[in-house]
Amino acid sequence: MSRVEREAASVVRKLIAFDDDTFDKLKQLGRDRMATIQELADEAFADVLKKHGIPIDLKDALRKSARGANAAAPGKTGKSDPSKKKS
């Protein structure tokens with residue numbers, strides 16, 4: 001199985017409806033940026049996932065996981081505990 005066939009097998013297709021005005025604007029934006037509607041949609045959905053803190057790919061998930069582990073580890077931040085007062 002070729003790379004293209006593997007990628008095609010893993011693609012989920014969904015039908016999305018746009019009103020005429022929105023579709024015309026998307027087509028124009030695609031022409032201006034030399035991008036396809038699919039590329040614009042990929043960018044838009046990636047932005048929505050990022051906005052809500054959902055990792056987009058494995059690299060992003062690992063980065064987020066590492067940040068979370070560092071923040072959860074005690075003494076890693078270098079900040080003092082405000083509940084402990086120096087005498």
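Visitor: Is D21 buried, partly exposed or exposed?

Guide: Keep in mind that this is a predicted model. Buried means under 20% relative accessible area, and exposed means over 50%. D21 has 44% relative accessibility, so D21 counts as partly exposed.

Visitor: Which side chain meets D21 in a salt bridge?

Guide: Start with the general idea. Side chains of opposite charge can pair when their charged atoms come close. Here the partner of D21 is K25, at 3.2 Å from N to O. K25 is exposed, with a relative accessible area of 54%.

Visitor: How far apart are K25 and D21 along helix 2?

Guide: They are 4 residues apart, so about one helical turn separates K25 and D21.

Visitor: How many salt bridges does the structure hold?

Guide: It holds 4. Among them is D24 with K27, whose closest N and O atoms are 3.9 Å apart. These two sit 3 residues apart in helix 2. D24 is partly exposed at 41%, and K27 is partly exposed at 33%.

Visitor: What does R63 pair with?

Guide: R63 forms a salt bridge with D60, with the closest N and O atoms 3.7 Å apart. Both lie in helix 4, residues 58-72, about one helical turn from each other. R63 is partly exposed, at 43%.

Visitor: Which residues make the nonpolar surface patch?

Guide: I16, F18, F23, I37 and F45 make a patch of about 450 Å². Take I16: this residue is in the loop between helix 1 and helix 2. Its relative accessible area is 47%, so I16 is partly exposed.

Technical notes. Residues are numbered from 1 along each chain as its sequence is written. This is a predicted model: local features need pLDDT of at least 70, side-chain atom pairs count only at pLDDT 80 or more; totals for chains, interfaces and linings use all residues. Side-chain values use heavy atoms; hydrogens and water are left out. Patches are made of residues with over 30% relative accessible area and no salt bridge: like charges are joined within 9 Å, nonpolar side chains (Val, Leu, Ile, Met, Phe, Trp, Tyr) within 5 Å. Accessible areas come from the Shrake-Rupley method with a 1.4 Å probe; for residues, only the protein chains shown count as cover. Buried means under 20% relative accessible area, exposed over 50%, partly exposed in between (1.4 Å probe, protein chains only).
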